Amino acid sequence: MKVSAIELDSARKVYGHGASAMVALSDVDLSIGPGRFVSLIGPSGCGKSTLLRLVAGLETADGGSVRVHGVTPDQACAAKLIGFVPQTPALLPWRSVLGNVTLPQRINTAAARRRERIGDLGERGAGKAPPDMLELLRRAGLGEVVHRLPAQLSGGMQQRTAIVRAFGLQPDVMLMDEPFSALDEFTRETLQDQLLDLWDELKTTVLFITHSVQEAVRLSDTVVVMAPRPGRIVDVIDIDLPRPRNQRLFEQSSFHEYEDLIRDRLHRAWRSADAA
Ligand SMILES: Nc1ncnc2c1ncn2[C@@H]1O[C@H](COP(=O)(O)OP(=O)(O)OP(=O)(O)O)[C@@H](O)[C@H]1O
């Protein structure tokens, strides 16, 4: 049996104690197969970031279990299976674009050994050759700025650099917390194109948080809708649209039908939050 890339079984997270306890996640079950692109969407406070942080090993579940390729998040991090792209790019200000993306690429041998011990990594396998970072930067539209410092880049270019850096490590699981939310619509759509290209080539499993219904439908194989109080999954919707999903997708009625369906489920999630 193939092991899921990400598996949550009755995962529970509570912040605080006693009367002030807040159930951020209540009995969350989620299974994501290797290579899938899955988005989390839902009202503010429904536990999207908490779920991502549990998978990243930045928080520990208070109940249930969380597994990444069959091992704990801590073990997965030690074997460098997990990449993380936050909302705002954390680049080293004194290193060039090229310096920033090549620095973490030197995976140490201990991590490589730990990877090899983790049995089922799908067809991607262990001991992969590192990608050509200059080529990845060029493909992300950064070929002209590889020697610039982060302060000399636009916000979109900085985020692109952070994404190339994260993919350059060839993690098996990429966690992305609203990576495009601070960008204008045009830059956002361009970065979506580039993200889909990288994902398609590197076959990484992606778990992506967004507040944009359009972005979720365009990018995802599956959209997971969450509701708050307590934070939980209320819908799992497979997006059965052909790939590659370029800008022409926006002209298709089936694309807008998915948008309408997810908006409807989100409204229900909001109403259930108001009633709670
Ligand atoms: N460290 C913490 N201590 C206490 N409460 C927390 C902590 N982190 C999150 N929470 C609470 O847990 C709930 C879920 O928060 P979380 O950030 O996961 O939601 P979210 O869906 O990502 O929200 P948003 O869309 O606004 O980013 C919220 O009520 C939040 O206030």
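I take helices (H or I, at least four residues) and strands (E, at least two) as DSSP runs, numbered from the N terminus. I note that this is a predicted model: local features need pLDDT of at least 70, side-chain atom pairs count only at pLDDT 80 or more, and totals for chains, interfaces and linings use all residues. I number residues from 1 along each chain as its sequence is written.

**Entry 1: overview.** I looked up the elements and found nine helices and nine strands in the protein. I then looked up burial. A residue is buried if 20 or more other C-beta atoms lie within 10 Å of its own, exposed if 12 or fewer, and partly exposed in between, with C-beta atoms placed from the backbone. Buried residues make up 37% of the 276 residues.

**Entry 2: helix 1.** I checked its cover. Eight of the nine residues of helix 1 are buried. Just after helix 1, Gly57 takes a positive phi of about 80°.

Entry 3: I count two strands as paired if DSSP finds at least two bridges between them. Three strands form an open sheet in the order 2-1-4, with antiparallel pairing. Strand 2 and strand 4 (63–68) stand at the edges with a single partner strand each, so one side of each is left without a neighbour in the sheet. Five bridges join strand 1 (residues 6–15) to strand 4. Asp9 stands opposite Ser65 in strand 4.

Entry 4: I read its order as 5-6-7-3-8-9, open, with mixed pairing. Strand 5 and strand 9 (232–238) are the edge strands, and each pairs on one side only. Strand 5 and strand 6 (residues 173–177) pair in the parallel sense over four bridges. Ile82 stands opposite Val173 there. At the other end, strand 8 (residues 222–227) and strand 9 pair in the antiparallel sense over six bridges. Thr222 has Asp238 as its bridge partner in strand 9.

I asked which residues of strand 5 (residues 82–85) are buried on each side. Ile82 and Phe84 are buried on one side, Gly83 and Val85 on the other.

**Entry 5: helix 6.** For angles, I use axes fitted to C-alpha atoms, for helices over the stretch in contact, with values from 0 to 180 degrees between N-to-C directions. Helix 6 (residues 155–168) and helix 7 (residues 185–202) pack at about 10°, with axes 11 Å apart. That makes helix 6 roughly parallel to helix 7 (angles under 35 degrees count as roughly parallel, over 145 as roughly antiparallel, 65 to 115 as roughly perpendicular and the rest as oblique). By class, their contact (C-beta atoms, placed from the backbone, within 7 Å) has six nonpolar, four polar and one charged residues. Helix 6 also lies across strand 5 and strand 6, running at about 175° to strand 5.

Technical notes. Ala, Val, Leu, Ile, Met, Phe, Trp, Tyr, Cys and Pro count as nonpolar, Asp, Glu, Lys and Arg as charged, and the others, Gly among them, as polar. Two residues are in contact if their C-beta atoms, placed from the backbone, lie within 7 Å.
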